[in-house]
Amino acid sequence: MDQLGIGYLSVFGLPPVEFVEVAAALECRFISLFLRGGPLLPLGYPPFSLQKDHALRDSLGAALRHHGVTITLADGFLVVPGGDVRGCAADLDVVAELGIPRLNVVSLDNDLGRTFDEFAVLTELAAERGISTVVEPVPGLAVSDVPTALAAARHVGRPDFQLLIDTMHVSRTGCTPADLAGIDSGHIGYAQLNDTTRRPRSADYLEEAMYERLAPGDGELPLRDIIRALPTGLVIELEVPQRSLALAGFSPADRLRPCVEAARRVLTEAAG
């Protein structure tokens, strides 16, 4: 089965229906999506809200059915200092309406006790709607590495709360393929594929992560070994934002086509 998807971060706020069309043109059956979008770059894309715009939800659903594309991850859920994830209920209703099976959460609240409690509440709210939850360890955020994410999973204590493994993020924290192979497969629910150098290419980690990643094989990460260490059957989502190419006028499809081809080579070699 072709397990490759395309992450929404790669297209810098492209309208959802157009994103589905790009994924279909690249023969990728899976995508992730944010429920709201705004222009991350001056590319002329209008802001949108899938929560507020019923017509857009209908158009998106029709496009997904027409092209045989599935949204496998609702991205962009946040725990914030002083916030309450119960306020996400309307967004979760939209995730359920669109048939998205899981959501991704990260925390901006450095109080880990509170962060973990909020994760537990969000996971329960999502589960009531048939949605599972994954947490993405990101250097610089509250859950910055795999051990902290595993601690969160132990606190939440539910099989429908798992880790999202992003190859750049986990590698930059020193997590090795052997470390990943040692994790119980039930704790890993999703993966994002990209490449980078071992040393930072920007003084601001999140700047590099949000705007300039490398196609699989163009960097220095042991991607094949990482993939072999992951549970079989995961969606492997290509997340390769490339701001320099976008601002140079390359369309989303033209930017992503070489990345998709490279990702498929890596996945094939990892399986060989």
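**Salt bridges, strand pairing and surface features**

Arg-257 and Asp-254 sit three residues apart in helix 11 (residues 252–271), which puts about one helical turn between them. Helices (H or I, at least four residues) and strands (E, at least two) are DSSP runs, numbered from the N terminus. The model is a predicted one, in which local features need pLDDT of at least 70 and side-chain atom pairs count only at pLDDT 80 or more, while totals for chains, interfaces and linings use all residues. Residues are numbered from 1 along each chain as its sequence is written, and side-chain values use heavy atoms, with hydrogens and water left out.

The side chains of Arg-257 and Asp-254 meet in a salt bridge, with 3.2 Å from N to O (a salt bridge is a side-chain nitrogen of Lys or Arg within 4 Å of a carboxyl oxygen of Asp or Glu). Arg-257 is partly exposed, at a relative accessible area of 33%, and Asp-254 is also partly exposed, with a value of 42%. In these terms, buried means under 20% relative accessible area, exposed means over 50%, and partly exposed lies in between (1.4 Å probe, protein chains only). Elsewhere, salt bridges that share partners join Asp-93, Glu-128 and Arg-129 into one network. The count of salt bridges in the model comes to 17.

Arg-129 forms a salt bridge with Asp-93, and the closest N and O atoms of the pair are 2.7 Å apart. This pair links distant parts of the chain, 36 residues apart: Arg-129 belongs to the loop between helix 4 (112–127) and strand 7 (132–135), and Asp-93 to helix 3 (residues 89–97). Both partners are partly exposed, with Arg-129 at 25% relative accessible area and Asp-93 at 41%.

A further salt bridge brings Arg-243 and Glu-207 together, the closest N and O atoms being 2.6 Å apart. Arg-243 lies in helix 10 (residues 243–247) and Glu-207 in helix 8 (residues 205–211), so the contact ties together parts that are 36 residues apart in sequence. Arg-243, at 23% relative accessibility, counts as partly exposed, and so does Glu-207, at 28%.

Helix 8 is also the place of Leu-206, which is partly exposed at 34% relative accessibility.

What does strand 6 look like from each side? From this strand, Arg-102, Asn-104 and Val-106 point one way, while Leu-103, Val-105 and Ser-107 point the other way, and all are buried. Strand 6 (residues 102–107) is thus mostly covered, with six of its six residues buried.

Four bridges join it to strand 5 (residues 70–79), and Val-79 stands opposite Ser-107 of strand 6. The chain passes from strand 5 through helix 3 to strand 6 in a right-handed β-α-β crossover; right-handed means that, with the strands pointing away from the viewer, the path from the first strand over the helix to the second runs clockwise. Strand 6 and strand 7 also pair in the parallel sense over four bridges (two strands pair if DSSP finds at least two bridges between them). Within this pairing, Val-105 has Val-135 in strand 7 as its bridge partner. Strand 6, helix 4 and strand 7 make a right-handed β-α-β unit.

The structure holds zero disulfides, a disulfide being a pair of cysteine sulfur atoms within 2.5 Å. For Cys-259, the nearest cysteine sulfur is that of Cys-28, 11 Å away. Cys-259 is buried at 2% relative accessibility, and Cys-175 counts as buried at 14%.

Phe-12 is found in the loop between strand 1 (4–6) and helix 1 (16–25), and Glu-27 in the loop between helix 1 and strand 2 (30–34). Phe-12 is buried, with a relative accessible area of 0%, whereas Glu-27 is exposed at 61%.
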